[in-house]
Amino acid sequence: MGNIGHILLSKPASHHHELIRSLFDQLYDRLVFFAVQMIEDEDAAEDMVQESFVQLWKHIEEVQGNSIACKQYLYRSVKNQCLNFVRHAKVVEKYRSEAIKDKTSFIENAVVDSIIRAEVLSHVQLALDELPEHYRLISDLSYVEGKKNHEIADELGISINTLKKQKQKVLHLLRLKLTSLFSFLLFLFNAIN
């Protein structure tokens, strides 16, 4: 009997009670079958049919206790719930589809970004490794360890002005070594897209 039987029995007895009980016994399985044909979800179909009987019980005076009008009310109610269910499913599917497209686009962009970052870091590391030892040490202390000019100058035993000139020389050498990187990145970016 399900929840609907309890709802029907909880209402005060009336001359409509027997009509609804009779309709429930006659039509419940038919209405569930009808709904399943439309939405292909038996649990949801059962819920819809039960809700239709609850609504009929609440609005029994509107159909004036006429069994034909009650049947029409029930079928119309189930049909409308099924249509709403289908519309809602389409909206959910649309948003899910859009979310998948957005996620795919995000992943594709993240892959491109990761490839570029890996290539840039690899080329920069190669360029740093090719620097003379003294310039590589200045680069590490300044750009990797983040030390201030006066700390590096003290550690290396050179003047701040000498350090500044050597840092400029490091940057100049790196620019020369990395000019091919930009051409490579442009090629890579065009190949990926």
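Which residues form one aromatic cluster with Tyr 28? Select Phe 24, Tyr 28 and Phe 53: these form the cluster.

Before going on, two notes. This is a predicted model, in which local features need pLDDT of at least 70, side-chain atom pairs count only at pLDDT 80 or more, and totals for chains, interfaces and linings use all residues. Residues are numbered from 1 along each chain as its sequence is written, and side-chain values use heavy atoms, with hydrogens and water left out.

**Stop 1: the aromatic pairs**

A pair of aromatic rings is described by the distance of the centres and the angle of the planes. Here, rings of Phe, Tyr and Trp (its six-membered ring) pair if their centres lie within 6.5 Å; planes under 30 degrees apart count as stacked, over 60 as edge-to-face and the rest as tilted. By this rule there are three aromatic pairs.

Keep Phe 24 and Phe 53 selected. Their ring centres are 5.0 Å apart and their planes stand at 75°, so the pair is edge-to-face. Phe 24 lies in helix 2 and Phe 53 in helix 3 (residues 42-58), so the pair ties together parts 29 residues apart in sequence. Helices (H or I, at least four residues) are DSSP runs, numbered from the N terminus. Both Phe 24 and Phe 53 are buried. Buried means under 20% relative accessible area, exposed over 50%, partly exposed in between (1.4 Å probe, protein chains only).

Now select Phe 34 and Tyr 75. Their ring centres are 5.3 Å apart with planes at 75°, so this pair is also edge-to-face. Phe 34 is in helix 2 and Tyr 75 in helix 4, 41 residues apart. Phe 34 is partly exposed at 26% relative accessibility. Tyr 75 is partly exposed too, at 28%.

**Stop 2**

Gln 37 is partly exposed, at 49% relative accessibility.

**Stop 3: along helix 4**

Select residues 67-129, which make up helix 4. Helix 4 has 63 residues and reaches 91 Å from its first C-alpha to its last, close to the 93 Å expected. The expected span is 1.5 Å times one less than the number of residues. Its buried residues include Tyr 73, Leu 74, Cys 82, Val 112 and Leu 128.

End at Ile 115, also in helix 4. Ile 115 is partly exposed, with a relative accessible area of 31%.

How values were computed:
Helix = DSSP H or I, 4+ residues; strand = E, 2+ residues; numbered from the N terminus.
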